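Colleague: Could you take me through the sheet in this model, strand by strand, along with the helices that lie on it? I would like to know how the parts are put together.

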Amino acid sequence: MKFGLLGRVLGHSLSPQIHQAIFRALGTGDTYGLLEREPEAIPSFIRENPEGLRGSNVTIPYKETVIPYLTAIAPEAEKIGAVNTLSFTPDGVKGYNTDYLGFDRMLQAAGIGLEGRDVTVLGNGGAAKAVLQVLADRKAASIRILVRDREKAGQALAHFLAQRPDTRLETYEEALEGSEGGQVIINTTPVGMYPKVEASPVPAEFTGRFAAAVDIIYNPKETWFLADGRKAGAKTCNGLYMLVAQAVASEEIWQGKTLDPALIPAIMKQLEATFHG
């Protein structure tokens, strides 16, 4: 069977490496390629499936673009308003969001609970949407999002804010001037990602106010943000588990079966050897 990643610029994607590792473990002859497409090609890509795909992942900038052309959409993807996995079947094309599943599984594996917790999220970009939905579904007591521009953030996250109107949007300046902390802080921004590793989205003093620090960045293994949390005694977790778990979740949809959970740490170990720090 043929699979791939749909996007516009895909040269640095690790998806083929991850999925080929899964295929080797399963003993299949399946293939996974990079499918760079311009926006005007998206409708025919989905409706006609000219590549003869069984499934496809979807990345920036098409996670929302694909939705109008789907036959069906999974509940978590509909709530988030974004799709990152397509399943091509005789009955049509269904959209899923395995970023949601990957992030949820990552927190469970790290032993970081959300129910009844006060959680602060850094950033309001596309990566934040799945994270925020997990927080809502796992019944976080409070959700605070730190943003650069409150008005733009409100527009970008309108779909989520309609579900969880008690969510607070604060600017970084407002948050840093106060003294509020909480149980969990999550970075969804690219600040600190390789190669620009000598940066954190917030000062060490701020990160130190939380019992757990989570970064969806996976390269380097420990960002400055996570190092600040660790030094303050926080439980920490980087984004590598999420990256691999969302791929495994996609394959479970396509293969129609539950895969061995041991696949995730095995593939993580392979990838870690190539990362910085």
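Modeller: Happy to! Two strands count as paired if DSSP finds at least two bridges between them. Strands (E, at least two residues) and helices (H or I, at least four) are DSSP runs, numbered from the N terminus. This is a predicted model, where local features need pLDDT of at least 70, side-chain atom pairs count only at pLDDT 80 or more, and totals for chains, interfaces and linings use all residues. Residues are numbered from 1 along each chain as its sequence is written, and side-chain values use heavy atoms, leaving out hydrogens and water.

The open sheet has six strands in the order E9-E8-E7-E10-E11-E12, with parallel pairing. Its edges are E9 (168–171) and E12 (235–237), each of which pairs on one side only. From one strand to the next, the twist averages 20 degrees; angles run from 0 to 180 degrees between N-to-C directions, with axes fitted as lines to C-alpha atoms, for helices over the stretch in contact.

Val214 is the residue opposite Cys237 in E12.

H5 touches E7 (118–122), E8 (142–147) and E10 (182–187), and its direction makes about 160 degrees with that of E8. H10 (residues 224–231) touches E7, E10, E11 and E12, and its direction makes about 160 degrees with that of E11.

Terms used. Contact = heavy atoms within 4.5 Å.
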